[in-house]
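I opened this model to look up its strands, its helices and its backbone angles. My notes follow the order in which I checked them.

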Amino acid sequence: MQQLISLLVENKPGALMRVAGVLTSRGYNIESLTVAKTVDPTLSIMTIVAEVGEDGRDLLIKQISRLVNVIKAVDLTDSRAVRRELVLIKIYVEEERRPALLTEVEIFRARVVDASPKAYTIEATGSPDKLNALIALLRSYGPIEMVRSGAMAMARAKQNKLPVPSYTEAALSEG
């Protein structure tokens, strides 16, 4: 079963290695991993999707929570979280099929970010299911190249268990 984990960590060398080490030492495969700074540059948010057995989910969160540099670990698997991925797809398509392709790309709320005489590069964001459907559709037009970001997730405001730093009036007035 895939487990969706969100971590607030200190932005220091070795933090990612320690988290990945807990997962690999337990034999869990990391399906997706994204890391980026928060509005506070001393902190980062990690979003991890890992293949974890049902019985190991709680233990994994506890083990990660005890790591140096981890401030908070939250299992978002069963919560109402906003989950998105980004994909860039280069598709090689014949000139006569381009108008149809552009129409279908628009249906997915994707957009062309680069064009050449032989190919388009398309950017799309959304749920993994939406992106999988777009990829399947685009393959029917011809060969594709693809880069995918992996999951990013945030708990909805009502149940925001992860203390995400935000700007304060004091911080804004300093800048």
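I found β2 running antiparallel to strand β3 (residues 43-51), with eight bridges joining them. Strands here are DSSP runs (E, at least two residues), helices are DSSP runs too (H or I, at least four), and both are numbered from the N terminus. Two strands count as paired if DSSP finds at least two bridges between them. V35 has M46 of β3 as its bridge partner. I also noted that β2 and β3 make a hairpin, with five residues between the two strands.

Ground rules, before going on. Residues are numbered from 1 along each chain as its sequence is written, and side-chain values use heavy atoms, leaving out hydrogens and water. The model is predicted: local features need pLDDT of at least 70, side-chain atom pairs count only at pLDDT 80 or more, and totals for chains, interfaces and linings use all residues.

Which sheet holds these strands? I read an open sheet of four strands in the order β2-β3-β1-β4, with antiparallel pairing. Its edge strands are β2 (29-37) and β4 (70-75), each pairing on one side only. From one strand to the next, the twist averages 15 degrees.

I then checked what packs on that sheet. Helix α1 (residues 15-25) touches β1 (2-10), β2, β3 and β4, and its direction makes about 20 degrees with that of β3. Helix α2 (residues 57-65) lies across β1 and β4, at about 170 degrees to β4. Contact means heavy atoms within 4.5 Å. Axes are lines fitted to C-alpha atoms, for helices over the stretch in contact, and angles run from 0 to 180 degrees between N-to-C directions.

Next I turned to α3 (residues 98-107). Which of its residues are buried? I listed R98, L101 and V105. Seen down the axis of α3, these fall within an arc of 60 degrees, so they line one face of the helix. The arc is taken over the directions from the helix axis to the C-beta atoms. An α-helix has 3.6 residues a turn, so residues three or four places apart point the same way. The face turned away from the buried side of α3 carries the exposed residues P99, E106 and I107. Buried means under 20% relative accessible area, exposed over 50%, and partly exposed in between (1.4 Å probe, protein chains only). I traced the packing too: the buried residues of α3 meet β5 (81-92), β6 (111-115), β7 (119-126) and α4 (128-139).

Then I looked at phi. Most residues other than glycine have a negative phi. R109 has a positive phi near 55 degrees, and sits in the loop between α3 and β6. Is R109 buried or exposed? R109 counts as exposed, at 76% relative accessibility. N69 is not a glycine either, yet has a positive phi of about 80 degrees. I placed N69 in the loop between α2 and β4. N69 is buried, with a relative accessible area of 8%.

Last, I took the totals for the chain. The protein chain has five helices and nine strands. Buried residues make up 37% of its 175 residues. Of the contacts with a separation of 6 or more, 74% come from residues 24 or more positions apart.
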